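Please look through the sequence and the structure shown below, and then follow the report from the charged side chains to the overall plan of the chain.

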Amino acid sequence: MADLEERANVVASGSRQAGAGVSVRRRRVTDLADCVRVLGDVHTTDGYPADWPDRPAAWLTPGGLLAAWVAELDGRPVGHVGLSRSAPGDVAPGLWSRRTGGRPELTAVIGRLYVAPTARGHRIGARLVAAAVAHARALGLHPVLDVLATAAPANACYRRLGWTWLGSGEQQWAADRTVVVHCFAAPRE
């Protein structure tokens with residue numbers, strides 16, 4: 001497991017010169033309060049998550065979580081991403097399965113990705129995604145994700161990173177709320 005974590009951290013760190021002061025590492029339980037604080041800043045600025053969770057630390061630690069990472073800029077947490085097993089109701093694994101013929105259980109879902117508004121412009125989001133992708137691949141899983149159709153900057157980001165658009169679908173968020181999500185699959189190795 002240490003080797004797996006090391007590979008994910010090396011991939012996430014990218015060039016030692018680019019984005020000086022930025023590091024990505026596995027999230028620790030002690031990071032959750034800082035992660036919630038940064039999530040609050042993101043929610044205030046960008047409206048993500050669309051619905052503020054009653055228990056944000058629990059929201060950052062969903063069932064089926066395989067791993068999570070924190071990005072730091074000059075030693076302070078500024079970003080987060082999680083990698084989870086697909087769950088009932090996830091649209092992206094089903095679309096990936098239909099497109100590739102692979103079972104949905106062969107996917108891992110990237111989510112809970114955000115970067116503090118004050119820390120943008122350092123490719124932190126790309127580094128967090130790289131860590132999650134490397135970990136998923138090391139587990140023999142194909143990374144997929146979904147994003148609200150209305151989140152134009154996020155959709156553009158995944159396309160810029162070379163992710164393949166799988167299609168769109170409706171996802172049930174609450175008994176009285178359905179949203180449209182765009183689904184993407186990571187580029188082939």
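## A network of charged side chains

In this predicted model, Arg25, Asp31 and Glu72 are joined to one another in a network of salt bridges. Within it, the side chains of glutamate 72 and arginine 25 meet in a salt bridge, with a distance of 3.0 Å from N to O. Because glutamate 72 lies in strand S2 and arginine 25 in strand S1, the pair ties together parts of the chain that are 47 residues apart in sequence. Glutamate 72 has a relative accessibility of 15%, and since buried means under 20%, it counts as buried. Arginine 25 is buried too, with a relative accessible area of 15%.

## Other salt bridges

The count of salt bridges comes to six, and another of them is formed by the side chains of aspartate 51 and arginine 177, at 2.4 Å from N to O. This pair links distant parts of the chain, as aspartate 51 sits in the loop between H2 and helix H3 (56-59), while arginine 177 belongs to strand S7, 126 residues apart. Aspartate 51 counts as partly exposed at 40% relative accessibility, and arginine 177 is likewise partly exposed, with a relative accessible area of 29%.

A further salt bridge brings together the side chains of arginine 103 and glutamate 105, at 3.5 Å from N to O. Of this pair, glutamate 105 is partly exposed, with a relative accessible area of 46%.

## The nonpolar cores

Which residues touch the most other members of the largest nonpolar core? Of the 38 residues in this core, they are Trp69, Ile110, Ile124, Leu128, Tyr158 and Trp163. The elements that give two or more residues to the core are strand S1 (22-26), helix H2 (32-46), strand S2 (65-73), strand S3 (76-85), S4, helix H5 (124-138) and S5. The largest share, seven residues, comes from H5.

Tyrosine 158 can be followed in more detail, for if residues up to four places away in sequence are not counted, it touches Leu113, Val129, Leu145, Val147, Trp163 and Phe184. There is also a second, separate core of 11 residues, which includes Val91, Leu95, Trp96 and Cys183.

Is helix H4 largely enclosed or largely open? Seven of the 10 residues of this helix (residues 91-100) are buried, so H4 is largely enclosed by the rest of the structure. The buried residues in H4 are Val91, Ala92, Pro93, Gly94, Leu95, Trp96 and Ser97. They pack against four strands, namely S4 (107-115), S5 (142-148), S6 (164-174) and S7 (177-185). After H4 comes glycine 101, whose phi is positive, near 85°.

## Histidine 142

Histidine 142 has its place in strand S5, and at 10% relative accessibility it counts as buried. Its side chain reaches the backbone oxygen of alanine 186 at 3.1 Å. Leaving aside neighbours within four places in sequence, histidine 142 is in contact with a set of residues that includes Trp96, Leu106, Thr107, Ala108 and Arg137. The contacts of histidine 142 also include Ala185, Ala186, Pro187 and Arg188.

A disulfide is a covalent bond between the sulfur atoms of two cysteines. The structure holds zero disulfides. Cysteine 35 counts as buried at 2% relative accessibility, whereas cysteine 157, at 22%, counts as partly exposed.

## The chain as a whole

The chain has six helices and seven strands, and when it is read along the sequence these follow the pattern α-β-α-α-β-β-α-β-α-β-α-β-β. Among the contacts in the chain with a separation of 6 or more, 65% are accounted for by residues 24 or more positions apart.

Of the 189 residues in the chain, 45% are buried. The accessible surface of the chain comes to about 9600 Å², and 53% of this surface belongs to carbon and sulfur atoms.

Notes:
Residues numbered from 1 in each chain as written. Predicted model: local features only at pLDDT ≥ 70, side-chain atom pairs only at ≥ 80, totals over all residues. Heavy atoms only, no water. Buried < 20%, exposed > 50% of the residue type's maximum accessible area, 1.4 Å probe, protein only. Contact = heavy atoms within 4.5 Å. Areas by Shrake-Rupley, 256 points an atom, 1.4 Å probe, with all protein chains shown as cover. Core = buried A, V, L, I, M, F, W, Y, C linked by side-chain atoms within 4.5 Å. Polar contact = N/O pair within 3.5 Å; in protein donor to acceptor, adjacent residues only side chain to side chain. Salt bridge = Lys/Arg side-chain N within 4 Å of Asp/Glu carboxyl O. Disulfide = S-S within 2.5 Å.
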